[in-house]
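Student: Could you pick one part of this model and take me through it closely, strand by strand? I would also like to know how that part sits in the rest of the protein.

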Amino acid sequence: MANDANTVFDLVILGGGSGGYSAALRAAQLGLDVALIEKDKLGGTCLHRGCIPTKALLHAGELADQAREGAEFGVMSTFEGIDIGGVHKYKDGVVSGLYKGLQGLVASRKITYVAGEGRLSSPTSVDVGGERYTGRHVLLATGSVPKSLPGLTIDGVRIISSDHALVLDRVPKSAIVLGGGVIGVEFASAWKSFGVDVTIVEALPHLVPVEDENSSKLLERAFRKRGINFSLGSRFSGVEYTADGVKVSLENGKTFEAELLLVAVGRGPVSQGLGYEEAGVAMDRGYVLVDEYMQTSVETISAVGDLVPTLQLAHVGFAEGILVAERLAGLKVVPIDYDGVPRVTYCHPEVASVGITEAKAKELYGADKVVTVKYNLAGNGKSKILKTAGEIKLVQVQDGAVVGVHMVGDRMGEQVGEAQLIYNWEALPAEVAQLIHAHPTQNEALGEAHLALAGKPLHSHD
Ligand SMILES: Cc1cc2nc3c(=O)[nH]c(=O)nc-3n(C[C@H](O)[C@H](O)[C@H](O)COP(=O)(O)OP(=O)(O)OC[C@H]3O[C@@H](n4cnc5c(N)ncnc54)[C@H](O)[C@@H]3O)c2cc1C
């Protein structure tokens, strides 16, 4: 549909990342006329600066580790080093292939794609470069950017964000990673595999602090074994430049020096100066507030993705975007259960979870009503073959459903699909125990954990 003064789209979307483009694709599929406005590249953070390029780096790191460890498997291999140009070429190839595919998809659904920076000009319109795009409804999906701390300036050279880290033209000798959340531990892991001397600084008492404490502790043990240094429980107090790098100080008086500092303290919403408040959209600290149907305080405006205060994950953006498209097309929609969203941290070893932590379950149901079981991957044949260590921990409400699955170990991210079905279908341990899991797979460990929880452990020692 072409835009002119009289055109009224069914939906005008500001931002072409995971949240925006998924809404565009689904809305177009349902017969709505859609305009999708993007100032940079279709695909947004996930495709160009997030999920996809980081996982390519992590995979290159995995190959480096395998080259180093070949002898443990009787394979003669040596690690000669990282050709960072080659790594970028591989990573960029993955990204550009997916980018082309996505552009084709958007074109094939007859979506009006508008390249340019947009600004909300009324509850039903967005202005882009002097042109007005009017819709029955507007979807805000402008995403997020890396945050910093007060007094900490990201210079892009020695003090960098994940955006810079993904295009770094060298492998640094050493690096400090400020923040032990998902993004921080993923970079720490990839860099360590590349041969970087890494130190993570996390103010909270654990790495990946939103995960079940057992997962955090297992990851810390694994990172210690890999020689990844970390400091927990003390906050950053300052950074200064040294002759050839940076020196970071913590509130507890400790200092660390390295060639560069990666600031990975979270991401903040992109909403400033975009006309949201002027249109009457209720906000909180830059985030757009929405109800469970992603509707803002203005009837004609919805918002999705990292811009709203829900989990900052690409698949959450997809789900929220689809929900809005279906609601606007008149389909019956149900709110998202955010506890049921699978979460994966793709470091080595991986951390994957769905549902709630043991601590949260005790808070909700009472300490005496929560049952847990841990299955050690040491008893799992495939994990042994891969030489990976870890555990699967289940959290159950006594005599009821499994409400949390928490996994640590290489490739555990691939197991989260079944874990998600178990949680979301409110499965009882006995029901899962009855399902046969293929041998030898790591997936079998999930079956074994449920056998144990159902009171009939097979390959469990405890
Ligand atoms: C390093 C890193 C690794 C990550 N890894 C994972 C992972 O493994 N799995 C996972 O699920 N998630 C991951 N994420 C998170 C994921 O990338 C985000 O949750 C997701 O991209 C959010 O989608 P979004 O559409 O809300 O925002 P974005 O993807 O940020 O898209 C917003 C878009 O809006 C555009 N825009 C902004 N303002 C305007 C304007 N005024 N006019 C026009 N366009 C505008 C931007 O250019 C951008 O393209 C990662 C993030 C990072 C940074």
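Predicted model: local features only at pLDDT ≥ 70, side-chain atom pairs only at ≥ 80, totals over all residues.

Tutor: Happy to. Let us start with a definition: two strands count as paired if DSSP finds at least two bridges between them. With that in hand, look at the open sheet of 3 strands, whose order is 12-13-14 and whose pairing is antiparallel. Its edges are strand 12 (236-241) and strand 14 (255-258), each of which pairs on one side only. On average, neighbouring strands of this sheet are turned by 20 degrees against each other, with direction ignored. Strand 12 and strand 13 (residues 246-250) are joined by 5 bridges in the antiparallel sense.

The mean pLDDT of the protein is 97, and 100% of its residues reach 70 or more. Confidence is highest in strand 19 (residues 301-303), at a mean of 99, and lowest in helix 12 (residues 429-433), at 96.

Now for the setting. The protein is divided into domain 1 (8-144 + 269-328), domain 2 (159-265) and domain 3 (349-453). By those bounds, strand 12 and strand 14 belong to domain 2. There is another open sheet to trace here, with 5 strands in the order 8-15-9-10-11 and parallel pairing. Strand 8 (159-160) and strand 11 (229-232) are its edge strands, each pairing on one side only. Further in, strand 9 (residues 174-178) and strand 15 (residues 260-263) share 4 bridges in the parallel sense. One such link to look up is V177, whose bridge partner in strand 15 is L262. Helix 6 (residues 182-194) lies across strand 9, strand 10 (197-202) and strand 15, and runs at about 165 degrees to strand 10.

The centres of domain 2 and domain 3, taken over C-alpha atoms, are separated by 29 Å. Even so, 9 residues of domain 2 are in contact with 13 residues of domain 3. On the domain 2 side, those residues divide by class into 4 nonpolar, 2 polar and 3 charged.

H348 and P349 are joined by a cis peptide bond with omega about 5 degrees, and P349 sits in the loop between strand 20 (343-345) and strand 21 (350-355). Another cis peptide bond joins H439 and P440, with omega about -5 degrees; P440 is in the loop between helix 12 and helix 13 (443-453). K387 has a positive phi, near 60 degrees, and its place is in the loop between helix 10 (381-386) and strand 23 (391-397).

Last, look at the ligand. It is surrounded by 37 residues, and the closest are G15, G17, G44, G143 and G305. The elements that each supply at least two residues of this shell include helix 1 (18-29), strand 2 (34-38) and helix 8 (314-328). Helix 2 gives the largest share, 4 residues. By class, the shell has 12 nonpolar, 19 polar and 6 charged residues.

Key. Residues numbered from 1 in each chain as written. Near = placed C-beta within 6 Å. Nonpolar A, V, L, I, M, F, W, Y, C, P; charged D, E, K, R; others polar. pLDDT = per-residue confidence, 0-100. Domains from an automatic or database assignment. Contact = placed C-beta atoms within 7 Å. Axes fitted to C-alpha atoms, helices over the stretch in contact; angles between N-to-C directions.
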